[in-house]
Every structure is written in C-alpha cells, then in structure tokens.
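Please read it alongside the sequence and the structure shown below.

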Amino acid sequence: MLKCKGLVALSSDLLDGELSLKQRIAVRTHLAMCVHCRRFIRQLRVSQRVIRHLPDEQAPELEALLRAMQAQQKQGSNTGSGDSAK
Ligand SMILES: [Zn+2]
C-alpha cells in the first residue's frame, strides 16, 4: 500500500503523466483516503500551472517553493514504521 512518502515521491511524475497504470491506481487509492495528500497534489497542480505561465526567469523561485513543499511533506509523513514503504 502506498504511503504519503511514496506518493510525494511519485508526485512529479504524476503531474507529468508519467506513471504506470499500477502507480496511478495506487496514487488514486491513496488520494481517496488521505486528505493531506489530496491537498498536496492540488497545490502542486496549481504551482505547476503557474510556473508554466511564467517567464523563465521567474520559474526558479517557484520551483524552489515547490521543492520546499515536497520536502515538508516528506518530513511530515516520516513518523511511520521506518523506511519500508515501497
Ligand atoms: Zn497521504
């Protein structure tokens, strides 16, 4: 079963539409159960849309923000049973 950490790891591929069918199902199942990740993905989507519509020189700042969000999410979900999430 996919955990929050795993979902965060897949999130950029998810937004790029590069997940396998199996991964997509795992992500959807997790999102159906986890309000935190739903919010996280929604924020990512919004950020990505914003980045795409910005001129290049403004993108790095937002990308850094996006990365910080991902790092934060990783930390927040790091209270589980070790590193066996796969
Ligand atoms: Zn989650």
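Predicted model: local features only at pLDDT ≥ 70, side-chain atom pairs only at ≥ 80, totals over all residues.

Which hand does the crossing of α1 and α3 have? The crossing of α1 and α3 is right-handed.

**Overall make-up**

- The protein contains four helices and zero strands, and its elements follow the order α-α-α-α from the N terminus on.
- Of the 86 residues in the protein, 13% are buried.
- When contacts between residues at least 6 apart in sequence are considered, 58% of them join residues at least 24 apart.

**Packing of α1 with α3**

- Helix α3 covers residues 35-52, and it packs with α1 at an angle of about 25 degrees, the two axes being 11 Å apart.
- Because angles under 35 degrees count as roughly parallel, α1 and α3 are roughly parallel to each other.
- On the α1 side, the contact is formed by Cys4, Leu7, Ser11 and Leu15.
- On the α3 side, the contributing residues are His36, Cys37, Ile41, Leu44, Arg45 and Gln48.
- Sorted by class, the residues of the contact of α1 with α3 comprise six nonpolar, three polar and one charged.

**Packing of α1 with α2**

- Helix α1 (residues 4-15) and helix α2 (residues 21-33) have axes that come within 11 Å and cross at roughly 120 degrees.
- The crossing in which α1 passes α2 is left-handed.
- Leu7, Leu10 and Leu14 of α1 meet Gln23, Val27 and His30 of α2 in this contact.
- Four nonpolar and two polar residues take part in the contact of α1 with α2, with no charged residue among them.
- Leu7 of α1 is listed both in the contact with α2 and in the contact with α3.

**Helix α2 in detail**

- Helix α2 has 13 residues and reaches 19 Å from its first C-alpha to its last.
- This reach is close to the 18 Å expected at 1.5 Å a residue.
- Helix α2 is hardly covered, as one of its 13 residues is buried.

**Leu14**

- Leu14 lies in helix α1, and it belongs to the residues that make the contact with α2.
- Leu14 counts as buried because it has 20 C-beta neighbours inside 10 Å, and a residue is buried if 20 or more lie within that distance.
- Apart from neighbours within four places in sequence, Leu14 is in contact with Leu19 and Val27.
- A distance of 9.9 Å separates the C-alpha atoms of Leu14 and Arg45, which stand 31 residues apart along the chain.
- Arg45 is also one of the α3 residues in the contact with α1.

**Ile51**

- Ile51 is placed in helix α3.
- Ile51 has 17 C-beta neighbours inside 10 Å and therefore counts as partly exposed.
- The C-alpha atoms of Ile51 and Glu61 are separated by 9.4 Å, and the two residues are ten residues apart along the chain.

Key:
Residues numbered from 1 in each chain as written. Axes fitted to C-alpha atoms, helices over the stretch in contact; angles between N-to-C directions. Helix = DSSP H or I, 4+ residues; strand = E, 2+ residues; numbered from the N terminus. Left-handed = near helix turned anticlockwise from the far one by under 90°. Contact = placed C-beta atoms within 7 Å. Nonpolar A, V, L, I, M, F, W, Y, C, P; charged D, E, K, R; others polar. Expected span 1.5 Å × (residues − 1). Buried ≥ 20, exposed ≤ 12 C-beta atoms within 10 Å, placed from the backbone. Parallel < 35°, antiparallel > 145°, perpendicular 65-115°, else oblique.
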